[in-house]
Amino acid sequence: VRIVRSVNMATYVDILRSEFPEIDGELFSYVTGILDTSSSDFESEDDLFDAVGMYLQEVSSNSKNEDDIKRICQKMYNTLKVNDCTSSDKVLLDAPVQLSKITGTYDSQVNDVQGIWMMKRDPSSSTVNSKKLEKAEAKLKAKQDKRMEKDTQKSSGSILLEEASASQASSKKESRLELSGKNKSYDIRIENFDVSYGERTLLTGAEINLASGRRYGLVGRNGLGKTTLLKMIASRNLRIPSHISILHVEQEVAGDDTEALQSVLECDTLRESLLKEEKALTARINLGKGDGTESVRLSEIYAALEEIEADKAPARASIILAGLGFTAKMQKQTTKEFSGGWRMRLALARALFAKPDLLLLDEPTNMLDIRAILWLESYLQTWQSTILVVSHDRNFLNAVATDIIHLHSQRLDMYRGDYENFYKTKEERLKNQQREWEAQQQYREHIQVFIDRFRYNANRASQVQSKLKLLEKLPELKPVDKDTEVILKFPDNFEKLSPPVLQLDEVDFYYSPDKIVFKNLNVSADLESRICVVGENGAGKSTMLKILLGELAPVQGVRHAHRNLKIGYFSQHHVDQLELNVNAVELLAHKFPGKPEEEYRHQLGRYGVSGELAVRPVASLSGGQKSRVAFAQMTMPCPNFYILDEPTNHLDMETIEALGKALNTFKGGVILVSHDERFIRIVCRELWVCENQTVRRLDGGFDEYKDVLQEQFLKEGYL
């Protein structure tokens, strides 16, 4: 192995000797020493150039420019990488080697060796700048230490998550009112507060006013702090009057033996406590242990129960559950029998039944199918108390919100009206702001020209002073701080495939023979397809996508796929399965090794994950940012057909619009499941309805499907 190494050394030694024949001996030994001992630390030719480039530049006496030196470093770096591969090979010896016999030979040669460290040299004969040498060694050591620290963090596997925090200026007037107990208002006013996440400031000097009975939609780009703000309000880290009840639908209901309907009824703690007391008092009377006061107390309990309409509670809870998709049979099932998605629906049902003074909802439509979303829109339109909802579903906000709160530039701006009204008003406001700023800039320039022209003219001194004061008094306007446009692009440099590209013929499928999912299913798609699949949760939408993918095999029937078909699949499961303790660049490098870092960064940049965001731990990214990373991962192999299961979950509105445009310009085929009405209308040319163990095409599109659902609601009495 030793012989192999010396042969390899000669490769970059030869490059150094041929390119720099005049190199000083000591410097030559220093450079080759770095290349020999630190080769594994160089990740690119730039690292090698940082370590030795400046000395080679000095040696060349300006006969070579920086590009020449970089080219030489590139050549040496390439030989190093080849050497690393070669030196890692194992050598099989022909016979055993006795090391004791060899050492004698080497011992006799030691005295003959005169290395650079044994020879006394005249300091003046060296061309090495000692200060630069120390600086380079320190830089190299710092780089090695940083890499070791990074490797240690990775090997430990621990994820250090940053924490959110909020601070708020105190108000003596509010404190006195709160302590006196006289504050009976259900309006909420939170003034002059800051919110941060780790070292990042999300809001500064912000203010929010929530009038009782109004429904507020909170909008803004991914990662700006909408979810964090909801959590700060729910935890009362921001001051909310104590008499106002808050309910934040955040976690799914715990699974136990409680029936779904009973789980919802238990939210009404007053009703539950009165019924419990009534049961205990009745039992005492029946056992003959009463003291005569029970009947009086029972009368009071019955009056209280009548006042809160306790007898109507089961029917009201049942309507809410039915609206959210729970059948009569499901309402009697225990909570532990439901999946995570259904338990989240149960948490939403409990919140709607409890009727808090302030209801906080974070992306409520993510867990619902279109049928449940349409019901929820109708139900919330008659909501009596205050709602603050984070949503990226434009149609949902248009149906529900009476006001919009826009989070941007670390502040909150309030707008009256639904989302469409907000969008128009905001655009108009930005245009006016830009016009005012441009007009003021022109006015300032005009005055400044006068000042510069007559600054040293004694006759105009008073006028110049007047103009200077005028400039000082002008209000400082700022140019419009516009959000960068989101642009997504799916690579499509592939050949056209002749149809049929993907097809299911007479397919039957079930997980168990008594629960058939599909019977005689026939569907087909090609590279021109833009298909949206809709249907209630549990109807088999995701199952059909997995059969199309080939992940599930039909029990009967055939799946046909073109031999050159390459499918890209996106689902919420893929987002949830992303490695959390690495950054986005490292994640792609693990999944698709062997490419330069620039290529990974470029791929992430296509989906809005660039700059500092690309090197932040995945665990610290928002839901929408994680989805973008998953898109970058999915499109890396350049598929010619996409199957997307709820791709808009967690994405902000601008990204949803950009995703729709990107899919429209994509030259391959698309089949998707989505609950976002606007997204469906942007992308899809064909609507498939999944129901009754089959899939049928709806010629009237989404409008026809919506009308059918509205008729069902009215017929079944859910509205």
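Asp362 stands opposite Val390 in β7. The model is predicted, with local features requiring pLDDT of at least 70 and side-chain atom pairs counting only at pLDDT 80 or more, while totals for chains, interfaces and linings use all residues. Residues are numbered from 1 along each chain as its sequence is written, and side-chain values use heavy atoms, leaving out hydrogens and water.

**Exercise 1.** Work out which strands are joined to β7 by bridges.

*Solution.* Begin with β6 (residues 358-362), which runs parallel to β7 and is joined to it by 5 bridges; strands pair if DSSP finds at least two bridges between them. Strands are DSSP runs of E with at least two residues, and helices are runs of H or I with at least four, numbered from the N terminus. Next, β4 (residues 215-219) is also parallel to β7, with 4 bridges, and Leu218 has Val390 as its bridge partner.

**Exercise 2.** Decide whether the residues of β7 are buried or exposed.

*Solution.* In β7 (residues 386-390), 5 of 5 residues are buried, where buried means under 20% relative accessible area, exposed over 50% and partly exposed in between (1.4 Å probe, protein chains only). Taking the faces in turn, Thr386, Leu388 and Val390 lie on one side, and Ile387 and Val389 on the other.

**Exercise 3.** Find which residues of α12 meet α15.

*Solution.* From α12 (residues 313-323), Arg316, Ile319, Ile320, Ala322 and Gly323 meet Arg371, Ala372, Trp375 and Tyr379 in α15, contact meaning heavy atoms within 4.5 Å.

Conventions. Axes are lines fitted to C-alpha atoms, for helices over the stretch in contact, and angles run from 0 to 180 degrees between N-to-C directions.
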